[in-house]
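Thank you all for coming; I would like to take a few minutes to go through one model with you. Please keep the sequence and the structure in view while I talk.

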Amino acid sequence: MKSSLITSILAIATSTTLAQFTVQSAPFNLVVLSQNETYNGSTLLACHEGAAIEGLCLSTTLPGSTAVPFNFNTSTYEQSNLNPVIGEQGYITYLLRGGNFNESEPLNLYYSATSNVALPLFEPTQGTLMAFDENGLLNIQGYIDDRVPPPYNGTLTAYYRWYACQTYYTGYTYTTLAWVNGEYPPQNPTCEKIDVKRVFL
Ligand SMILES: *[C@@H]1O[C@H](CO)[C@@H](O)[C@H](O)[C@H]1NC(C)=O
Ligand SMILES: *[C@@H]1O[C@H](CO)[C@@H](O)[C@H](O)[C@H]1NC(C)=O
Ligand SMILES: *[C@@H]1O[C@H](CO)[C@@H](O)[C@H](O)[C@H]1NC(C)=O
Ligand SMILES: *[C@@H]1O[C@H](CO)[C@@H](O)[C@H](O)[C@H]1NC(C)=O
Ligand SMILES: *[C@@H]1O[C@H](CO)[C@@H](O)[C@H](O)[C@H]1NC(C)=O
């Protein structure tokens, strides 16, 4: 019963919002770069955070797990404002393998109103647009800068606000990839600054 519900949620999500991002890259691993040797060189693994929901756990904190590669889906339409230095925007995807179905899920930032630490989750929903820059580093891009008054619509800029943190989501506590909203430090004291690099297989 549970899996048929998931299948129908997935079907709705796929048919309505994700249809146009169907140009899929070759498979790759996501590797952590950090000044902190505890995490440097760790691979990001999809880890269970709920029904059809996976976070990105650091392999060094989950011994014995093997990495399942991800893909990157870009649009069939050319990005009009494309800056090749910061990279084309698209969705990181993970192939969820069920008993009798496979579903490609995009990576989505899950925000909490009470924390500045957001959790990237693969979910059967609309994803969050991300990009890989010319060095293969994962970023999120935006125009609006409200750090100086008055806020203005500037040029498309890449941000690299990735951290490895102990995160909690629906009963699961892991060391995962996290994103910090805005430029202030993460309020979660376990967060260590990292970058995320795409390494093709
Ligand atoms: C990614 O692209 C592949 C190939 O076109 C497609 O099968 C898949 O559904 C796409 N995934 C998402 C989340 O859009
Ligand atoms: C992190 O790992 C990379 C690749 O293995 C290495 O080149 C770099 O020196 C390491 N950085 C630190 C701070 O350990
Ligand atoms: C590296 O990260 C671990 C885990 O958060 C932390 O215990 C350690 O103090 C950090 N090391 C440095 C040099 O900051
Ligand atoms: C799911 O994908 C895997 C790997 O691509 C494939 O071996 C398997 O047959 C697929 N399962 C279904 C139900 O399509
Ligand atoms: C900011 O500027 C870009 C490029 O000119 C435009 O596409 C976007 O809609 C603007 N955003 C807002 C909120 O005005």
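How many disulfides does a search of the whole structure find? The search finds 2 disulfides, where a disulfide is a pair of cysteine sulfur atoms within 2.5 Å.

Before I go on, a word on where the values come from. This is a predicted model, in which local features need pLDDT of at least 70 and side-chain atom pairs count only at pLDDT 80 or more, while totals for chains, interfaces and linings use all residues. Residues are numbered from 1 along each chain as its sequence is written, chains are lettered from A and ligands numbered from 1 in the order in which they are written, and side-chain values use heavy atoms, with hydrogens and water left out.

One disulfide joins C47 to C57, with an S to S distance of 1.9 Å. Because C47 lies in strand β3, residues 44–50, and C57 in strand β4, residues 53–58, this pair ties together parts that are 10 residues apart in sequence; strands here are DSSP runs of E with at least two residues, numbered from the N terminus. The torsion about the S-S bond of C47 and C57 is about 80 degrees, so this disulfide is right-handed. Both C47 and C57 are buried, meaning under 20% relative accessible area with a 1.4 Å probe and protein chains only.

The other disulfide joins C165 to C191, at 2.0 Å from S to S. Since C165 lies in strand β12 (162–169) and C191 in the loop between β13 (172–180) and β14 (192–193), the pair ties together parts that are 26 residues apart in sequence. Its torsion is about 110 degrees, so this disulfide, too, is right-handed, and C165 and C191 are both buried.

Let me turn to the ligands. Ligand 1 has 8 residues around it, of which F21, T22, Q24, N73 and S104 come nearest, where being around a ligand means having a heavy atom within 4 Å of it. A polar side-chain atom of N73 lies 2.4 Å from an oxygen atom of ligand 1, and a polar side-chain atom of S104 lies 2.7 Å from a nitrogen atom of ligand 1. Taken alone, ligand 1 exposes 360 Å², of which the protein buries 71%, as computed by the Shrake-Rupley method with a 1.4 Å probe.

Around ligand 4 we find L95, R97, N100, F101 and N102. An oxygen atom of ligand 4 is 2.2 Å from an N or O atom in the side chain of N102, and the protein covers 38% of the 370 Å² of accessible area that ligand 4 has on its own.

Notes: Polar contact = N/O pair within 3.5 Å; in protein donor to acceptor, adjacent residues only side chain to side chain. Helix = DSSP H or I, 4+ residues; strand = E, 2+ residues; numbered from the N terminus. Buried < 20%, exposed > 50% of the residue type's maximum accessible area, 1.4 Å probe, protein only.
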